[in-house]
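Subject: Structure handover

Hello,

Have a look at it before you read on.

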Amino acid sequence: MQSSAYGASLAGGAFDAVHFVKQPQTILRCLSWLFSIVVFATITAEGYINQTKEQDAKCIFNANDGACSYGVGIGVLAFMACVVFLIVDAYFPQISNAKERKVIVLGDLVFSGIWAFLWFICFCVLANQWSKTPDSTEAVAGDAARAIVAFSFFSIITWGLLCFFALERYRQGVNEFEQEYRDPANDQSTPYPPSPYASSGPTGYQQSPFSNNQEQPGEYQPPAY
């Protein structure tokens, strides 16, 4: 069992609430969770308005319902993912299996990287559509739209940092695993000198130190009485 692996110092240890709250990934997940709520809740509550000549509500971003739907979808999934990863992070120190920790860290790394990219797309789409929105819509829902665009940009930063910390945890786990299971034959830090026969067999037959005191096997000597 490893004493340290993939960012957790105590494998199978108890849950430390103070240490968990102070972790950078915990703070970033909480911020990402909050930003996702702002984005999808604002779009749901104030992202659709009725045009003067139309009865159906249209998206405030240039009447592009796809832009609003994309923002809501990314925000809701990010909200759920933050909750799941917070729970996993809380139980992470109690996981003693290094392979299970590796799978969790890799999942965090891949998901955080993908979601940082998806938030970047969301920010670009919303900012582009807002720049094309008529002035009449800007006067009605300008604050809400700017808040949605701003927190979409903030989400890029938080998810990008989560991806960075997950990568650091993965590298740390790989290095610790290599140090834990280093091949003794290739370990140059051992204090014992290598055996003269470690790399190759004996160069020749070495005569026994007692052979000089032994007689030739073909000669018979009577016992002395």
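The notes below go from the whole chain to single residues.

First, the ground rules. This is a predicted model, in which local features need pLDDT of at least 70 and side-chain atom pairs count only at pLDDT 80 or more, while totals for chains, interfaces and linings use all residues. Residues are numbered from 1 along each chain as its sequence is written, and side-chain values use heavy atoms, with hydrogens and water left out.

Overall picture

The pLDDT is the predictor's confidence in each residue, on a scale from 0 to 100. Its mean for the protein is 79, and 68% of the residues reach 70 or more. The protein has five helices and two strands, in the order α-α-β-β-α-α-α from the N terminus. Helices (H or I, at least four residues) and strands (E, at least two) are DSSP runs, numbered from the N terminus.

Of the 225 residues, 32% are buried. Buried means under 20% relative accessible area, exposed over 50%, and partly exposed in between (1.4 Å probe, protein chains only). The accessible surface of the protein is about 14,500 Å², and carbon and sulfur atoms hold 61% of it; such areas come from the Shrake-Rupley method with a 1.4 Å probe, and for residues only the protein chains shown count as cover. A contact means heavy atoms within 4.5 Å. Among the contacts with a separation of 6 or more, 76% join residues 24 or more positions apart.

Helix α3

Helix α3 covers residues 65-91, and its 27 residues should span 39 Å at 1.5 Å a residue; the end C-alpha atoms are 40 Å apart, which agrees. The expected span is 1.5 Å times one less than the number of residues. At the N-terminal end, N64 caps the helix, with a side-chain oxygen 3.1 Å from the backbone nitrogen of G66. The buried residues of α3 include G71, I74, G75, A78, A81, C82, F85 and L86. An α-helix has 3.6 residues a turn, so residues three or four places apart point the same way.

The cysteines

How many disulfides are there? The count is one, where a disulfide is a pair of cysteine sulfur atoms within 2.5 Å. The partners are C59 and C68, with sulfur atoms 1.8 Å apart. Their link is right-handed, at 70 degrees about the S-S bond, and both C59 and C68 are buried. C30 is in no disulfide. C82 is buried, at a relative accessible area of 0%, whereas C30 is partly exposed, at 38%.

Helix α4

Helix α4 takes in residues 98-131, and I114 is one of them. I114 counts as partly exposed because its relative accessibility is 42%. Its C-alpha atom is 8.9 Å from that of W159, 45 residues away along the chain. R101 also lies in α4, and R101 is buried, with a relative accessible area of 1%. The side chain of R101 reaches the backbone oxygen of I95 at 2.6 Å.

Regards

Definitions and conventions. Polar contact = N/O pair within 3.5 Å; in protein donor to acceptor, adjacent residues only side chain to side chain.
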